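The following questions go through one chain, from its overall form to single residues. Each answer ends on what was asked for.

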Amino acid sequence: MQTHAPAKLNLCLYLGAQRDDGLHELCSLFEPLALADRIEVSEAERDEVVCPGVEGENLAARALAALREAGWDGPPLRVEIEKRTPVAAGLGGGSADAAAVLRLAAGEVPGLEEIAVGLGADVPSQLTPALALVRGAGEKVERLPDPAPHALVLLPDGRGLSTAEVFAEADRLGLGRGAAELDGLAERLRTAAGAGASPLAYPELLVNDLEPAALSLRPRIGEALERLRAAGASRALLTGSGPTAFGLFASLEAAAESAARLGRDDAIVCAAGGAEVPR
């Protein structure tokens, strides 16, 4: 079988206090993109996850191992991942791949959400890729109505930026909000996005609290944000802990025209909404 693992975008990210487990409380809107890894699954003699061009431990392999530990008795599988989402870009590509593997056991293994939480903060939201209000450190996921059509231009940085280092820099800079403020922002986001509006309808809520920390560690991200604004983006932000910058546009046509003005071969134009995946 073939499936897709849509990239994830943080339309906003509000930072809260650090928890006892070392993670931070967050309030964010996650949105899937049409940009997606392609995954082919076939029966094999033993479980194997293959992802050409990606070195080191693969989160999808950990997901498959976690399913076996939970008692899943499906046949041995070969999972081959064709990467289309840039690696270490703040777009949740590895988490999306892991969630796609977990979906193979949907209805057969109880507690997939708990398994997802154990794999990483972004994995639970990707079990069912959709616009979602995400709280906690990523484990609390509230699905929202699909938004009106819009499009994006992504500007990857080409070199990863450590999530842990960005959060540590945010702490050093004294960034963050109190619990009551996060609750209030969550309610505003729920109201603004709850009617299916495009995020272009509530630009004042599209903020990434980690942006100053990422800029402190990688100043050239600021150049990408300025270029997106100059090229006509209605809003330009960092996604997640970076280093990818993105610009929001009302249509794919407007996004494509803007990308052409940027003159960057690595610019990615895509629609919001996610590739179709099994539910």
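Q: In which loop is Pro243 found?
A: This is a predicted model, and its strands β8 and β9 cover residues 235-238 and 245-249. Pro243 is found in the loop between β8 and β9.

Q: What is the value of phi of Ala88?
A: Ala88 lies in the loop that links β4 (77-82) to α2 (93-103). Its phi is positive although the residue is not glycine. The value is near 50 degrees.

Q: How many helices and strands are there in the chain?
A: Both kinds of element are present in the chain. The counts are nine helices and 10 strands.

Q: What radius of gyration does the chain have, and why does it agree with a compact globule?
A: The C-alpha trace spans about 55 × 45 × 35 Å along its principal axes. For 279 residues a compact globule would have a radius of gyration near 19 Å, so the chain's value agrees with it. That value is 18 Å.

Q: What share of the contacts with a separation of 6 or more is between residues 24 or more positions apart?
A: Buried residues make up 50% of the 279 residues. Among contacts in the chain with a separation of 6 or more, those between residues 24 or more positions apart account for 75%.

Q: How far apart are the mean positions of the positive and negative charges?
A: The chain has 26 positive and 41 negative charges. The distance between their mean positions is 4 Å.

Q: Why are the buried residues of α1 on the same side, and which elements do they pack against?
A: In α1 (residues 59-69) the buried residues are Leu59, Ala60, Ala63, Leu64, Ala66 and Leu67. They lie on the same side of α1 because they cover an arc of only 160 degrees around the axis. In an α-helix, residues three or four places apart point the same way, because there are 3.6 residues a turn. The buried residues of α1 pack against β3 (48-50), β4, α2, α3 (112-119) and α4 (123-126).

Q: Which residues are in contact with Ser258, leaving aside its neighbours within four places in sequence?
A: Ser258 lies in helix α9, residues 252-262. With a relative accessible area of 0%, Ser258 is under the 20% cut-off and therefore buried. Beyond its sequence neighbours within four places, Ser258 is in contact with Ala231 and Phe249.

Technical notes
Residues numbered from 1 in each chain as written. Predicted model: local features only at pLDDT ≥ 70, side-chain atom pairs only at ≥ 80, totals over all residues. Heavy atoms only, no water. Helix = DSSP H or I, 4+ residues; strand = E, 2+ residues; numbered from the N terminus. Rg over C-alpha atoms; globule rule 2.2 N^0.38 Å. Buried < 20%, exposed > 50% of the residue type's maximum accessible area, 1.4 Å probe, protein only. Contact = heavy atoms within 4.5 Å. Lys, Arg positive; Asp, Glu negative; His and termini not counted. Charge placed at Lys NZ, Arg CZ, Asp CG, Glu CD. Arc of directions from axis to C-beta.
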